[in-house]
Amino acid sequence: MSNQTKRIPTHHIIGFVLSILLTILAAWTTIGSDLSTNWIITIIMLLAVIQAGIQLIMFMHIVEPESKNGHVPWNMMFHGFVTASIVVAGSIFVMVYAF
Amino acid sequence: MNLDEFFVTGEPLIYAGMVSIVLVTSAMIFLLTYFKKWGWLWREWLTTVDHKKIGVMYILSALAMLFRGGVDALMMRVQLAFPDLNFLNAQHYNEIFTTHGTIMIIFMAMPFLIGLMNIIVPLQIGARDFAFPFVNALSFWSFFFGALLFNISFVIGGSPDAGWTSYTPLAGAAMNPGPGQNFYLLGLQLSGIGTLATGINLMVTILKMRAPGMKLFKMPIFSWSTLVTSFIIIFAFPILTVALALMTIDRIFGSQFFTLTGEGLPMMWANLFWMWGHPEVYIVILPAFGIFSEVIATFAKKRIFGYHAMVWSMILIAGLSFLVWVHHFFTMGAGAFVNSVFSVSTMLIAVPTGVKIFNWLGTLYKSKIQFTTPMMWALAFIPSFVIGGVTGVMLGMAAADYQFHNSYFLIAHFHYVLIAGTVFACFAGLEYWYPKMFGHKLNEKLGKLSFWLFVIGFHVTFLPQYFLGLDGMPRRLFDTAPEWFTLNFISTVGAFGMGAGFALFVFNIYYSYRTSQRETTGDSWDGRTLEWATPTPIPHYNFATLPTIRDIDAFVEMKKRNETTYDESKLKPIHMPNNSGQPFIMMALLFMASFALVFEWITLSVIFLVGVLIMMVIRSFDEDDGHHVEVEEIKETERSLRGL
Ligand code: HEM
Ligand SMILES: [Cu+2]
């Protein structure tokens with residue numbers, strides 16, 4: 001265990017900095033920019049996807065050549081998508097259209 | 001800010017609270033100094049990463065929270081015992097029902113169960129600690145400081161008063177200025193970090209660290225319930241995190257997510273809250289089911305009936321628990337179609353719950369029941385929980401819920417499931433695993449007395465509340481009417497019975513410490529699962545060696561084959577984590593940052609947050625790889641524990 005750890009966790013630092021930058025960018029888009037609402041929504045959605053990608057690559061070991069990429073948490077990712085869909089679709093179903 | 005804005009003033013009961021806090025704190029400081037125990041406290045407890053010790057700290061804190069929440073409850077019941085009693089005024093009553101609900105669910109039920117999981121799950125699956133022991137310590141301190149933050153609100157700054165559900169717009173900045181509601185938001189946020197981390201930690205531990213041969217479907221039911229619960233935690237808690245963050249931003253930085261003005265959607269809070277909130281009620285009931293399954297199998301001396309049905313029903317419950325949230329606000333006015341959909345899903349979830357009842361009955365059927373105190377709790381649980389479940393289905397019918405909603409009928413429902421389910425299970429679990437944790441049993445006589453006081457008190461308290469609800473008494477009412485007097489009075493009498501039962505339970509801990517016979521074998525109840533195979537007291541590395549698991553009731557099988565967890569020929573050095581003060585310090589800093597944010601002292605909060613960040617950097621470059629327990633040391637320990 002001890003011999004395979006690097007001195008500086010480069011991946012983690014880059015990931016950390018990038019995720020903070022993306023968050024600031026998203027906050028600026030909504031608060032600071034004067035883009036139209038549709039553009040704002042599109043941009044922050046896009047940023048969210050990139051953000052998720054960074055998490056998966058930099059922190060969650062989705063690509064890990066040492067283990068022949070054998071640790072992709074498909075199961076958890078699938079359930080994450082399902083939960084997110086329930087939250088979004090469910091809220092729209094319940095709150096917006098109010099059948 | 002003046003001091004009298006900082007401290008809560010003008011309430012005699014709260015002054016009494018302050019005095020007792022000062023007295024207890026100084027007594028503790030005095031005792032620790034007098035007996036020179038500060039070093040011991042730091043080395044053995046504050047810096048520990050041992051899952052067993054962390055579990056004990058969880059349970060102790062949960063008992064303290066049960067006390068605090070219980071005092072809140074008794075105060076409410078006193079106020080409601082007589083019409084027009086001016087024991088608590090309206091504002092004080094609002095604060096107390098808010099802190100009571102929040103503390104009981106977030107700071108009592110969950111930590112109690114997580115404490116039991118901490119101690120028992122690694123032992124049941126044959127692991128030497130959690131997958132991430134450091135994170136486990138971090139989780140505990142995050143819960144501890146979150147609870148501390150929430151609890152000090154009643155003397156500093158003022159308690160939150162918008163209910164444990166904190167519906168907006170009532171809980172928003174416009175109608176609820178001041179720090180009270182911020183305590184709720186940040187206290188929950190802080191402890192939520194720990195809950196989420198524990199969910200991940202337990203899931204990885206269970207998936208990756210089981211003993212050789214223990215397939216998932218050979219795992220004890222309690223560990224299964226923990227796995228399913230972690231799953232719900234991982235997917236439900238982020239929703240709460242986001243909702244809390246949005247309301248915090250609303251209140252402190254003036255955004256308009258849940259406000260009445262500026263296109264805010266106040267009901268979106270209720271929507272998000274219950275998307276977490278309903279899964280949450282299953283987070284606190286599934287482990288309870290797991291505990292009862294273990295207790296019933298042990299004292300019926302039979303393998304659990306319908307193991308597979310048991311597991312699958314839990315998985316089904318976990319899935320469905322994400323699809324029923326709207327039943328908490330049928331009366332919002334979403335329309336008949338929406339309500340019907342959620343009515344049906346709500347009734348569906350009662351089916352797997354019913355299946356489990358039959359599993360327990362099947363296990364008991366034609367068995368030779370041994371009536372120990374933990375078993376008594378389990379037996380009392382079954383019929384009481386059925387009442388709670390059946391009334392839940394009644395509430396689940398949207399049309400009928402227009403009558404029941406926000407009445408005492410609802411109050412009775414959730415106390416029947418939460419107390420008869422979760423609280424009975426916590427008591428049963430603590431008594432059942434007590435000899436494993438502390439090396440002696442709790443006294444059975446006192447245990448049974450406290451059982452009867454508590455169970456009878458419970459029914460006397462909450463059964464009348466169904467009828468009060470049907471009579472139209474609304475919840476969250478601080479002043480009752482004469483026509484509800486009789487039932488309310490009976491209910492208050494019952495509440496004091498429960499209080500006495502709890503007091504006796506705690507006294508029993510002290511009494512048994514003084515008088516109980518010490519355990520020598522480690523297998524106190526003729527147990528069936530792996531935790532009973534360890535010697536008592538459990539060596540800090542848990543298992544010297546692990547046998548290959550062949551059966552659900554692993555230890556029954558081991559006893560037949562004369563196997564133990566100590567096979568001298570297979571000994572190897574054991575890799576264990578080192579203690580660390582970092583979790584405590586990091587979370588203490590986060591506590592101070594949160595405290596500053598409660599009072600909206602932004603600069604101070606940022607300063608402490610930078611401190612947290614520095615701690616994270618320190619941790620990132622930390623190269624502590626733990627230590628090895630050498631074979632000689634294991635031999636020595638095991639030989640003396642096993643009397644070889
Ligand atoms: C048989 C399964 C169950 C069904 C069908 C059910 C149904 C319901 C319904 C429909 C409500 C909302 C009623 C209203 O607000 O008018 C409710 C409230 C509640 N239930 Fe259940 N329930 C079940 C089991 C449980 C369990 C196992 C727990 C927790 C251990 C629980 C805890 C609660 C709580 C805490 C509330 C009230 C929250 C509040 O408004 O403050 N329920 N239940
Ligand atoms: Cu619910």
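A salt bridge here is a side-chain nitrogen of Lys or Arg within 4 Å of a carboxyl oxygen of Asp or Glu. By that rule, the interface of chain B and chain A has zero salt bridges.

Some ground rules. This is a predicted model, where local features need pLDDT of at least 70, side-chain atom pairs count only at pLDDT 80 or more, and totals for chains, interfaces and linings use all residues. Residues are numbered from 1 along each chain as its sequence is written, chains are lettered from A in the order in which they are written, and side-chain values use heavy atoms, without hydrogens or water.

Now the interface. Polar contact means N or O atoms within 3.5 Å; within protein, one must be able to donate a hydrogen and the other to accept it, and residues adjacent in sequence count only if both atoms are side-chain atoms. The rule finds one such residue pair across the interface, both at pLDDT 80 or more. Helices are DSSP runs (H or I, at least four residues), numbered from the N terminus. On chain B, helix 8 (221-253), helix 9 (266-300), helix 11 (336-364) and helix 19 (602-620) each give at least two residues to the side touching chain A.

How many residues does each chain bring to the contact? Chain B brings 29 and chain A brings 20, with contact meaning heavy atoms within 4.5 Å.

And the area? About 2000 Å² is buried between the chains, and carbon and sulfur atoms give 79% of that. Buried area is the accessible area (1.4 Å probe) that two parts lose on being put together, summed over both. Of chain B's share, Phe235(B), Phe621(B) and Glu623(B) supply 23%, more than any other three residues.
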